[in-house]
Amino acid sequence: MIYRTDYHIHTNYSDGKGWPEDYIKAAIEKGLSEIGFSDHLTLTDEQQDWSIKLSRLGEYIDRINKLRETVTGIKVRLGLEVDYFPDKEEQIYQTISGLPLDYVIGSVHYMGEGTVDLGPEYYEGKDIDRLFELYFNLIAQAASSGLFDFMAHPDLVRIFRYFPSVNAEPMYRFLAGELSKSDVAFEVNTNGMNKPLKDFYPDRRYLHVFMEEGVPVCVNSDAHNPSRLGQYFDDAYTLIINAGFTEMVTFRKRERISVPLNS
Ligand SMILES: [Zn+2]
Ligand SMILES: [Zn+2]
């Protein structure tokens, strides 16, 4: 039996559809051992509608923290999915330090002004090889900031099926090496199955590269609806086991704890 955790979940506090209690009920029904909440925190100057409002951050923290202490039948974890901006490291640090978080997910959705996951038009006319390189560089930079425990959807730029024209393995080797150096984990994110990509992030062909470089792994759904919790997890666990991983990671109070995959 695999110790199933789902740490990447969005509720009504950001762009998900459901309250934390709805997710906990669904997670228990699905037999998950741990559920972790990670609503979006996007520190752009203008409030983005997919991000939790700063004015509600305290309410979110208190609500999940209370569930964390009182719910039985499943372990509840408190996290955030925080957008990385190279020029906002200090602001991110100031906003999240002192919060009683179990983990912080680092995410790159923005490259400059543009967001890579809102529509395929972002990719039109762009040099895709270069775009992948720049995207992986940003993930590496985010990991090295020390702000994050694991990186979300490490190749989100595959979302609309724009792919590099060259063998991408060296790029993945670079990315995995950087994550390893920064001692930051990555997730296999199954939500790409619900996107034009119709596959997981990162590309399954390179999962062994992350294993070889010693990057810790966890599996997450990025659910925006309780019905999608734990979606495609059987396939994802099979993939990481076949890639050579023998353990996955869990988080508690920002401490990373490994769990064997064959327990
Ligand atoms: Zn994301
Ligand atoms: Zn997400």
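Which residues does Y201 touch, not counting residues up to four places away in sequence? In this predicted model, Y201 touches H153, P154, D155, L156, R158, I159, E187, V188, N189, N191, G192 and K195. The residue is placed in the loop between β8 (185-189) and α6. Its relative accessibility is 2%, and Y201 therefore counts as buried, since buried means under 20%.

The protein has seven helices and 11 strands. Its radius of gyration is 17 Å, close to the 18 Å that the globule rule gives for 263 residues, so the protein is as compact as a globular protein of that length. Along its principal axes, the C-alpha trace spans about 50 × 45 × 30 Å. Of the 263 residues, 56% are buried. Among contacts with a separation of 6 or more, 75% are between residues 24 or more positions apart.

The surface and the charges come next. The accessible surface of the protein amounts to about 11,200 Å², and carbon and sulfur atoms account for 48% of that area. There are 27 positive and 41 negative side chains, and the centres of these two sets lie 5 Å apart. Side chains of opposite charge can pair when their charged atoms come close. In this model the count comes to 19 salt bridges.

One of these salt bridges joins R4 and D234, whose closest N and O atoms are 2.6 Å apart. This pair links distant parts of the chain: R4 belongs to the segment before β1 (5-6), while D234 belongs to helix α7 (residues 233-242), and the two are 230 residues apart. R4 has a relative accessible area of 22% and is partly exposed, because that value falls between the limits of 20% for buried and 50% for exposed.

A second salt bridge forms between the side chains of E213 and R173, with a distance of 3.1 Å from N to O. E213 lies in the loop between α6 (207-212) and β9 (217-220), and R173 lies in helix α5 (residues 169-182), so the pair ties together parts that are 40 residues apart in sequence. Both partners are partly exposed: E213 has a relative accessible area of 26%, and R173 has one of 27%. Elsewhere, salt bridges that share partners join D155, R158, D199, D203, R204 and R205 into one network.

E69 counts as exposed at 56% relative accessibility, whereas R68 counts as buried at 13%.

A last stop is T115, which is found in strand β6 (residues 114-115). T115 has a relative accessibility of 13% and counts as buried. Leaving aside residues up to four places away in sequence, T115 touches W50, H109, Y110 and Y122.

Definitions and conventions. Residues numbered from 1 in each chain as written. Chains lettered and ligands numbered in written order. Predicted model: local features only at pLDDT ≥ 70, side-chain atom pairs only at ≥ 80, totals over all residues. Heavy atoms only, no water. Salt bridge = Lys/Arg side-chain N within 4 Å of Asp/Glu carboxyl O. Helix = DSSP H or I, 4+ residues; strand = E, 2+ residues; numbered from the N terminus. Buried < 20%, exposed > 50% of the residue type's maximum accessible area, 1.4 Å probe, protein only. Rg over C-alpha atoms; globule rule 2.2 N^0.38 Å. Contact = heavy atoms within 4.5 Å. Areas by Shrake-Rupley, 256 points an atom, 1.4 Å probe, with all protein chains shown as cover. Lys, Arg positive; Asp, Glu negative; His and termini not counted. Charge placed at Lys NZ, Arg CZ, Asp CG, Glu CD.
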